[in-house]
Amino acid sequence: MDLATLKRDLDGLKIEDNPKIVQQKSRDFYWYSPVLKRQLDHVTADIVVSPRNEAEVVRVLATCHRLGIPVTPRGTGTGNYGQAMPLSGGVVLSLAEMNAVTAIAPGRVVCGPGAVLADIDRATRAHSGQELRLHPSTYNTASIGGFIAGGSGGVGSINFGGLRDFGNVLRLRVVTMEAEPRVLELTGEDLHKVTHAYGTNGIITEVEMPLTSAYDWVDVVVGFDSFMDAARYGNALACQDGLLTKLITPIAAPVPWLYFKRHQKFLREGQSICLVMVAPHSLDAFLAFTRREGGEIAYNAATMEAEDRKGLPPAFELAWNHTTLRALRVDPSITYLQSLYPFPNHLALVEKMDAMFPGEVFSHLEFVRFDGNITCFGLPLVRFTTEERLDEIVRLHEENGCPIFNPHRYTLEEGGMKQTDDIQLAFKQEADPQGLLNPGKMIAWEDPAYDYRSSKTFLFRGLQKVG
């Protein structure tokens with residue numbers, strides 16, 4: 001790998017070759033998985049390049065193409081599948097400095113890929129009382145480009161579904177990795193070529209996203225004596241079209257009491273909960289609905305004194321994959337899975353799987369809108385013992401009709417719920433003919449014999465990694 005020539009030809013760009021910093025920039029949250037931690041702990045790039053604009057991205061890709069050097073794009077490294085980890089070394093292309101919000105209009109925002117989601121919302125709220133439709137639980141640190149390339153949905157998915165649903169990304173500007181890189185404008189169905197593709201098919205340099213009305217969302221924790229009571233409540237609440245919510249998250253005991261340390265004073269030991277974010281104008285009706293359903297209001301931010309709210313994380317930082325993060329901080333033996341409970345039998349499947357692994361798997365649901373129906377994803381916590389037992393738990397879920405999108409695998413097809421089809425492969429060939437973009441992450445490219453049509457990623461079209 002001719003790094004000396006690379007540095008010479010990229011003179012004037014921001015380059016980092018300090019081994020410790022390069023290693024740090026070669027990491028994401030892969031350590032959520034004990035399997036990926038074992039497999040990827042040694043992975044590091046050779047150099048980090050931080051372009052400031054699209055022209056510099058083009059320059060980097062053209063140079064690396066000529067020298068045969070792999071390039072792995074990075075936002076802020078909050079993914080947890082090893083999406084941004086450079087399996088073949090080479091360049092980590094950090095897009096964090098391309099973070100400007102360049103246009104805000106009714107229903108849309110245009111920004112650089114490195115813009116942090118919370119910063120986008122601050123700008124759009126100040127401009128016109130709007131906010132992004134969807135964001136992960138890493139809202140305060142994740143970049144919009146990283147979210148699109150490595151994420152799927154999250155807070156807001158109860159209303160809008162996932163990122164690959166039509167309309168949830170409006171336009172992407174993408175640079176190819178060729179001798180003379182092209183700049184492409186993708187809209188409509190063409191967006192599926194690069195959304196949740198881990199940067200294997202091009203580098204995102206500009207994003208246009210839809211906006212919705214912003215609210216001062218109220219965090220509420222509703223308590224229940226059993227997890228299935230919390231799950232049934234969450235499903236019923238999600239079906240109340242007149243109540244505007246942004247998050248509906250049932251979590252089984254003992255997880256809240258053990259791992260939500262700052263909220264523990266509001267909870268009872270042995271209590272399962274449902275986390276909710278509700279719009280202020282829906283709060284009174286929501287509370288009436290909750291009383292009718294037998295839920296106990298354990299915490300209501302709207303009625304709490306400022307002193308009682310001080311230091312408490314927002315509800316979304318207890319949900320999605322922040323649930324796993326908070327558990328890991330207390331108990332390093334905890335890991336997790338990602339599952340789908342298909343509509344219309346989702347509650348029956350939840351109940352069956354919840355009973356199957358007592359003391360080993362702890363249920364955690366996220367209610368979402370999927371193909372027009374209310375259903376739920378699972379991000380259950382798992383007390384890890386061995387890789388063999390983890391694989392057995394995965395197998396048992398799938399044998400019982402609950403697809404697992406495996407967070408202990410780093411490829412698109414195995415872990416990321418990504419559909420890899422003829423169009424995807426053709427675009428990869430067109431946009432990255434040497435296979436230098438984030439190599440090792442797409443089985444269908446690395447192994448031409450791979451039959452994507454038989455995989456769950458093909459059968460469950462449009463699903464993405466959740467959290």
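**Stop 1: a four-stranded sheet**

Begin with the open sheet of 4 strands, ordered S12-S13-S11-S14 and paired in the antiparallel sense. Strands here are DSSP runs of E with at least two residues, helices are runs of H or I with at least four, and both are numbered from the N terminus. Two strands pair if DSSP finds at least two bridges between them.

Before going on, a word on the source: this is a predicted model, in which local features need pLDDT of at least 70 and side-chain atom pairs count only at pLDDT 80 or more, while totals for chains, interfaces and linings use all residues. Residues are numbered from 1 along each chain as its sequence is written, and side-chain values use heavy atoms, with hydrogens and water left out.

Now select the edge strands, S12 (245-251) and S14 (296-300), each of which pairs on one side only. Neighbouring strands of this sheet are turned by 20° against each other on average, direction ignored. Such angles run from 0 to 180 degrees between N-to-C directions, with axes fitted as lines to C-alpha atoms, for helices over the stretch in contact.

Which residue of S13 is the bridge partner of Thr-249? It is Leu-275. Next, show helix H10 (residues 283-292), which packs on the sheet and touches S11 (218-224), S13 and S14. The direction of H10 makes about 5° with that of S11. Contact here means heavy atoms within 4.5 Å.

**Stop 2: a cysteine**

Select Cys-274. Cys-274 is buried, with a relative accessible area of 0%; buried means under 20% relative accessible area, exposed over 50% and partly exposed in between, using a 1.4 Å probe and protein chains only. The structure holds 0 disulfides, a disulfide being a pair of cysteine sulfur atoms within 2.5 Å.

**Stop 3**

Move to the open sheet of 3 strands, with the order S16-S19-S18 and antiparallel pairing. S16 (339-341) and S18 (365-370) are at the edges with a single partner strand each, so one side of each has no neighbour in the sheet. On average, neighbouring strands of this sheet are turned by 35° against each other, direction ignored. Zoom in on S16 and S19 (residues 373-378), an antiparallel pair with 3 bridges, where Leu-340 has Phe-377 in S19 as its bridge partner.

Helix H8 (residues 227-238) lies across S18 and S19, running at about 25° to S18. Is H8 enclosed or open to the outside? 9 of its 12 residues are buried, so H8 is largely enclosed by the rest of the structure. Among the buried residues of H8 are Phe-227, Met-228, Tyr-233 and Leu-237.

**Stop 4: helix H4 and its surroundings**

Select helix H4 (residues 54-67). Its 14 residues should span 20 Å at 1.5 Å a residue, and its end C-alpha atoms are 20 Å apart, which agrees; the expected span is 1.5 Å times one less than the number of residues. At the start of H4, a side-chain oxygen of Asn-53 comes to within 3.2 Å of the backbone nitrogen of Ala-55. After H4 comes Gly-68, with a positive phi near 70°.

Color the buried residues of H4: Glu-56, Val-57, Val-60, Leu-61, Thr-63, Cys-64 and His-65. Cys-64 has 0% relative accessibility. The buried residues of H4 pack against several elements, including helix H1 (3-9), strand S8 (171-175) and strand S10 (203-213).

Follow on to S8, where 4 of the 5 residues are buried. S8 pairs with S10 in the antiparallel sense over 5 bridges, and Leu-172 has Val-207 in S10 as its bridge partner. S8 also runs antiparallel to S9 (residues 183-186), joined by 4 bridges, with Val-174 opposite Leu-184 in S9.

**Stop 5: a histidine in a loop**

Finish at His-135, in the loop between strand S7 (130-132) and helix H6 (144-150). His-135 counts as buried at 3% relative accessibility. Leaving aside neighbours within four places in sequence, the contacts of His-135 include Leu-117, Phe-147, Lys-246 and Phe-316.

Notes:
A polar contact is a pair of N or O atoms within 3.5 Å; within protein, one must be able to donate a hydrogen and the other to accept it, and residues adjacent in sequence count only if both atoms are side-chain atoms.
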